[in-house]
Amino acid sequence: MTARHILLLPGDGIGPEVVAQAKRILAWAGSHAGAEFTFSEALIGGAAYDETGNPLPAKTLALAKAADAILLGAVGGPKWEGLDYGVRPERGLLAIRKELDLFANLRPAMCFEALADASSLKPEVIAGLDILIVRELTGDIYFGEPRGVTIEGNHRVGRNTMIYADWEVTRIARVALDLARARNSAVCSVDKANVLEATEMWREEVQKLRDAEYSDITLSHMYVDNAAMQLVRNPKQFDVMLTGNMFGDILSDCAAMLTGSLGMLPSASLGETDPKTNQRPALYEPVHGSAPDIAGQDIANPIAAILSAGMMLRYSFNMDREAALVDRAIADVLAAGKRTADIMQPGSTQLGTQAMGDAILEALTTLSNQQKVA
Ligand code: IPM
Ligand code: MG
C-alpha cells in the first residue's frame, strides 16, 4: 500500500489531548493494515493566532492541501472571544473548510448500547439509534454576502445572507442520496420552505434530483422546527437527514446529545473527488468544541476524536476492516463499564483521556488477536 500522509491540527482547548489519543489509534490501524502512515502537525485556531496573528496561517493551509487526510481537534475559547471576526479561531476552521471546498459534512449519531442510559431521553427512544446528518458546509448564511454591521441613520444594523445556488444544493443532495443507498434508503431533507424562498428552492432541487436519478430512495421533506422536535420525540424515524449549513449546525448538536454526550460524535468533511486521482480532500473532527473549562486536565472524552479517526480509515483510506475494529473496540470498552467523566454512570469505572486511549488500544489488540486465532 502506498504511503499516506496525515496532517494533525490539534487546535485549542481539549483539541490537543483528544487528537493525541486519536493519533495512537491511527498509528495502530496503519501498522495493522501494513500501510505506511506518516504524520505532521500544524497550527490552527487560537493557537495559530497567538503564534502568527492568523487563525489559518498560509503554512498550515499549504500542508492541508498536500495531506491525504486531516484530523482536527477543536478551535476557540474565551481567550479569543474579543477579537475581530476576521481573526477569531472559528474563522480558521471556516476558512479551511472553504479553501479545501469541504462541502459535505457527515455527522453520524449512533447510540452505543452501553450508553442507552446516559442520554437525557428514555433508553427505549434512543437504543439502536443510527442516523446520519449530511450537512452542507461551505455555503448558506455562514458565507453569504452581504454581511456585517453598518450604521444606518441612528441605528446599527446587523445583516447576514442566506444564499444557495442550485448546483450547491444538488451536489450535497447527491452525497446524501448516495449514502442512503448503503443504509436504509431514506432521506429526510430539512428546510424552512414555508417562510424562506432560498430553502423552497432547496426543496425543489432535492426533489428534482431524487426523481431523476434516485427513484429507489424514499425522500421526505420536513420544516426545521418540526425536525428539531422530531429528533427529540422519535429520532429513530430518521435514516439520513440532509440539511443546509445553518440548520445542520443546530440539528447536529441536538442529535449528538441523543447519544449521551457531545463527546461521542465524530464528523467527516469531504470535498469533490478528483476524477484523475480518485482522491478527495477530507478533514475529520469531533463535533464537540474546545471545552476550555476542562482543557489540560486529562478528563476530556477522546471517543469522538477516535471515531473521527475511524471515519478517516473508512472514507479516505478504504480501510473498512480497521474502521470496524475501532468501532467494536469502543463498544467493548464501554460495555466493560469504562467511562470518561462526561458519560460516567453509577457502578462504572472513570478513566481519564489518556487511560481511555489505553483501554481502546488494548481492546483493539485483543480483537485483532482473536481474529488471527479465528
Ligand atoms: C461546528 C461548529 C462550527 C460551526 C464553529 C466552531 C464555527 O459549531 O462544526 O458545528 O458553526 O460550523
Ligand atoms: Mg456546531
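How far is an oxygen atom of ligand 1 from an N or O atom in the side chain of Tyr142? In this predicted model, the distance is 2.5 Å.

An N or O atom in the side chain of Arg97 is 2.7 Å from an oxygen atom of ligand 1. For the side chain of Asp249, the corresponding distance to a ligand oxygen is 2.9 Å. Of the 320 Å² of accessible area that ligand 1 has on its own, the protein covers 78%.

Around the ligand are Glu90, Leu93, Arg97, Arg107, Arg135, Tyr142 and Asp249. By class, five of these shell residues are charged and two are nonpolar. No polar residue is present in the shell.

Which helix gives the most to the shell around ligand 1? Helix α4, spanning residues 89–99, does, with three residues.

## Backbone features

Two loops hold backbone details to check in the structure. Glu145 and Pro146 are joined by a cis peptide bond, with omega about 0°. Pro146 lies in the loop between β5 (130–136) and β6 (148–152).

Ser185 has a positive phi, near 60°, in a residue other than glycine. Ser185 is placed in the loop between α6 (166–181) and β8 (186–191).

Note on methods
Residues are numbered from 1 along each chain as its sequence is written. Chains are lettered from A and ligands numbered from 1 in the order in which they are written. This is a predicted model: local features need pLDDT of at least 70, side-chain atom pairs count only at pLDDT 80 or more; totals for chains, interfaces and linings use all residues. Side-chain values use heavy atoms; hydrogens and water are left out. A residue is near a molecule or strand if one of its heavy atoms lies within 4 Å of it. A polar contact is a pair of N or O atoms within 3.5 Å; within protein, one must be able to donate a hydrogen and the other to accept it, and residues adjacent in sequence count only if both atoms are side-chain atoms. Accessible areas come from the Shrake-Rupley method with a 1.4 Å probe; for residues, only the protein chains shown count as cover. Helices (H or I, at least four residues) and strands (E, at least two) are DSSP runs, numbered from the N terminus. Ala, Val, Leu, Ile, Met, Phe, Trp, Tyr, Cys and Pro count as nonpolar, Asp, Glu, Lys and Arg as charged, and the others, Gly among them, as polar.
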